Amino acid sequence: MIEVFTDGACRGNPGPGGWGALIRIDGDECCLSGATPDTTNNRMELMAAIEGLAYFSQPSTISLTTDSQYVRQGITQWITGWKRNGWRTSNKQPVKNQDLWQQLDALAEKHAVSWFWVKGHSGHVENERADQLANEAIDQMTAVS
């Protein structure tokens, strides 16, 4: 059983941002995180999911939980139309964060991913931990610079 819990954070939008992923494999856990000086919350949400899936080099069956409807709906619903329309929205506008959506799409195709959503900041233990990882990554990055 592989579970991945992801979250992104941004201080200002745009502003310094971080992402966190809590990975649980048969009860064992590891944590991933990173930060970027000038980004958006949606990009950090996507990066958390990308890095969480990229952790696995072999095709795997993964349960991924995010508090981002943007990520969950984007990868399970919207992306099919975006690809069909040449990475344009239904309003004919370019898809925002196309570079990250393409990375996430490639990783999702490699694995068998079940996508789940949980309300953020609602006491969901693993989501709170992923949020903490994202914020700690921002703190570490801003302390260095």
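**Close-up 1. Helices α2 and α3 in contact.** In this predicted model, the axes of α2 and α3 come within 11 Å and cross at roughly 95°, where axes are lines fitted to C-alpha atoms, for helices over the stretch in contact, and angles run from 0 to 180 degrees between N-to-C directions. The two helices, α2 and α3, are therefore roughly perpendicular to each other, since angles of 65 to 115 degrees count as roughly perpendicular, those under 35 as roughly parallel, those over 145 as roughly antiparallel and the rest as oblique. On the α2 side the contact is made by Tyr70, Val71, Gly74, Ile75, Ile79, Trp82 and Lys83, and on the α3 side by Trp101, Leu104, Asp105, Ala108 and Glu109, with contact meaning heavy atoms within 4.5 Å. Sorted by class, the contact of α2 with α3 has eight nonpolar, one polar and three charged residues; Ala, Val, Leu, Ile, Met, Phe, Trp, Tyr, Cys and Pro count as nonpolar, Asp, Glu, Lys and Arg as charged, and the others, Gly among them, as polar. Helices (H or I, at least four residues) and strands (E, at least two) are DSSP runs, numbered from the N terminus.

**Close-up 2. Helices α1 and α3 in contact.** Helix α1 (residues 41-54) and helix α3 (residues 98-110) have axes that come within 9 Å and cross at roughly 25°, which makes α1 roughly parallel to α3. Arg43, Leu46, Met47, Ala49, Ile50, Leu53 and Ala54 in α1 meet Asp99, Leu100, Trp101, Gln103, Leu104, Leu107 and Ala108 in α3. The residues of this contact of α1 with α3 divide into eleven nonpolar, one polar and two charged.

**Close-up 3. Asn127 in helix α4.** Asn127 lies in helix α4 and is buried, with a relative accessible area of 3%; buried means under 20% relative accessible area, exposed over 50%, and partly exposed in between (1.4 Å probe, protein chains only). Leaving aside neighbours within four places in sequence, Asn127 is in contact with Thr6, Asp7, Asp67, Val118, Lys119, Gly120 and His121. Asn127 and Trp115 are twelve residues apart along the chain, and their C-alpha atoms are separated by 14 Å.

Close-up 4. Most residues other than glycine have a negative phi, and most peptide bonds are trans. Asn97, in the loop between α2 (69-84) and α3, has a positive phi of about 65° although it is not a glycine, and Asn97 is buried, with a relative accessible area of 15%. His121, in the loop between β5 (112-117) and α4 (125-144), has a positive phi near 55° and counts as exposed at 59% relative accessibility. A cis peptide bond with omega of about 15° joins Asn13 and Pro14, and Pro14 is found in the loop between β1 (2-10) and β2 (15-25).

**Close-up 5. The cysteine Cys31.** The structure holds zero disulfides, a disulfide being a pair of cysteine sulfur atoms within 2.5 Å. Cys31 is in no disulfide, and the nearest cysteine sulfur, that of Cys30, is 6.7 Å away. Cys31 is partly exposed, with a relative accessible area of 41%.

**Notes to all views.** Residues are numbered from 1 along each chain as its sequence is written, and side-chain values use heavy atoms, with hydrogens and water left out. Because this is a predicted model, local features need pLDDT of at least 70 and side-chain atom pairs count only at pLDDT 80 or more, whereas totals for chains, interfaces and linings use all residues.
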